[in-house]
Amino acid sequence: SWAHIPLGPPDAILGITDAFKKDIHPKKMNLGVGAYRDDDGKPYVLNAVRKAEQRIIQDKLDKEYLSITGLPSFTKEAALLAYGKDSEPLQEGLLAITQSISGTGALRVGGVFLNRFYPYHKKIYFPTPTWGNHGAIFRDSGFEIAQYRYFDKSTNGLDFEGFMEDIQSAPKNSIFLLHACAHNPTGVDPTPQQWDQISEVIKERGHLPFFDMAYQGFASGDINRDAYAVRKFVSDGHRIALSQSFAKNMGMYGERVGAFSLITESVKEKAAVDSQLKLVIRPMYSNPPMNGARIVSYVLSDSELHKEWLGEVKIMADRIKLMRKKLKHHLVEDFESKLPWNHITDQIGMFCFTGLKPEQVERLTHDYHVYLTKDGRISISGISSKNVKYLAEAIHQVTK
Ligand code: LMR
């Protein structure tokens, strides 16, 4: 019998979409999951992706298994995108990399690998707060979770001092999970100067930085700018671990395309790490799906499609910035909210961490049919020119 099994809770993020779908109110808004929508509220498939799909069909490729670590033309392009073509470890052949089932899969493969081989600790440090799935991923990979200070509720900004103190006081050689850009859920990132300092102290303490880069290009509209932290740490000599996702920046959500990589110290070490990554992956899912990785590799390796994609990344990032401005404008100018709303435009990326309390979130959903996560995070992508004023009014009503 399975009678002993308790009913599990709905997922804190994906459960919101389920609740939203059941609502029949015409003004309902889904600001839960971080998935881009155009200004008509519709999912957006990038033109560069559509064109790559056409070419793939024309090329009549086979459906043989990929190798355990995925499509080489994809992992090569993914590495170039994250680390940059001038990256020394890349040029020297020191990067171990595998295709992954998007960002979650990259974190999980990385988690299992580190749990098996990282010699110092079975504990990982997360920012407070962090993405709702990080805890489960690393616990299921065998890690104990610890936290470092990150978000300062009093300013809706970064608690830089607390962050630095916690890096200092963690035991030497700890693993630190860092959001490379567009921190989820807060939308608050360190400045480049702050990253420089963070890199220095992490180096002094011998910590291992594990970057989660799910939003390269999405934060600023510029893929190089958003890769600042990753590239700076690498040039400072850190042997970083990196999770990449193409869900947001190429709109590949359901295709599940990502990569996990690790910088090693020698070609011999790289070969050993590659071989062990295979031993992690083979019993999990044998080898990854090919379609999404093919699309991404077609887009990134063709100069014309690559250029078109960069333009589309910028369009998405700019629309998000515009919605931030409009939301703040309506709150302050039309509804004359006296609360400070600067963080709406100061924060970056897919999300705004509004500061709404759980009771206010509940009222937004119950009275206004606006769906968001309990922590007060809103996915800006769910806002459009047509519903931004309605949202501002709803937020004003529950906060005044
Ligand atoms: C989110 O935070 O909404 C996204 O990263 C989607 C997800 O899988 O949770």
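Helices (H or I, at least four residues) and strands (E, at least two) are DSSP runs, numbered from the N terminus.

## Model and numbering

This is a predicted model, in which local features need pLDDT of at least 70, side-chain atom pairs count only at pLDDT 80 or more, and totals for chains, interfaces and linings use all residues. Residues are numbered from 1 along each chain as its sequence is written.

## Lys63

Lys63 sits in the loop between helix 2 (47–59) and helix 3. A residue is buried if 20 or more other C-beta atoms, placed from the backbone, lie within 10 Å of its own, exposed if 12 or fewer, and partly exposed in between. Lys63 counts as exposed because it has 7 C-beta neighbours inside 10 Å.

The expected span of a helix is 1.5 Å times one less than its number of residues. Helix 3 covers residues 72–83, and its 12 residues reach 16 Å from first C-alpha to last, close to the expected 16 Å. Its buried residues are Phe74, Thr75, Glu77, Ala78, Ala79, Leu81, Ala82 and Tyr83. Gly84 follows helix 3 and has a positive phi, near 90°.

Helix 5 (residues 102–117) has 16 residues and reaches 22 Å, close to the 22 Å expected. Helix 5 is mostly covered, with 13 of its 16 residues buried.

## Domains

The assignment, automatic or from a database, gives domain 1 (14–45 + 317–399) and domain 2 (65–301). Their C-alpha centres lie 28 Å apart. Counting two residues as in contact if their C-beta atoms, placed from the backbone, lie within 7 Å, 18 residues of domain 1 touch 19 residues of domain 2. On the domain 1 side, helix 13 (303–334) and strand 11 (351–353) each give two or more residues. Strand 11 gives the most, with 3 residues.

The UniProt annotation "domain: Aminotransferase class I/classII large", from an unreviewed entry, covers residues 27–395; such annotations may be inferred rather than shown by experiment. Over residues 27–395 the chain is 47% helix and 15% strand.

## Ligand surroundings

Ile13, Val33, Gly34, Trp131, Asn133 and Asn184 surround the ligand, where a residue is near if its C-beta atom, placed from the backbone, lies within 6 Å. Ala, Val, Leu, Ile, Met, Phe, Trp, Tyr, Cys and Pro count as nonpolar, Asp, Glu, Lys and Arg as charged, and the others, Gly among them, as polar. The shell around the ligand has 3 nonpolar, 3 polar and no charged residues.
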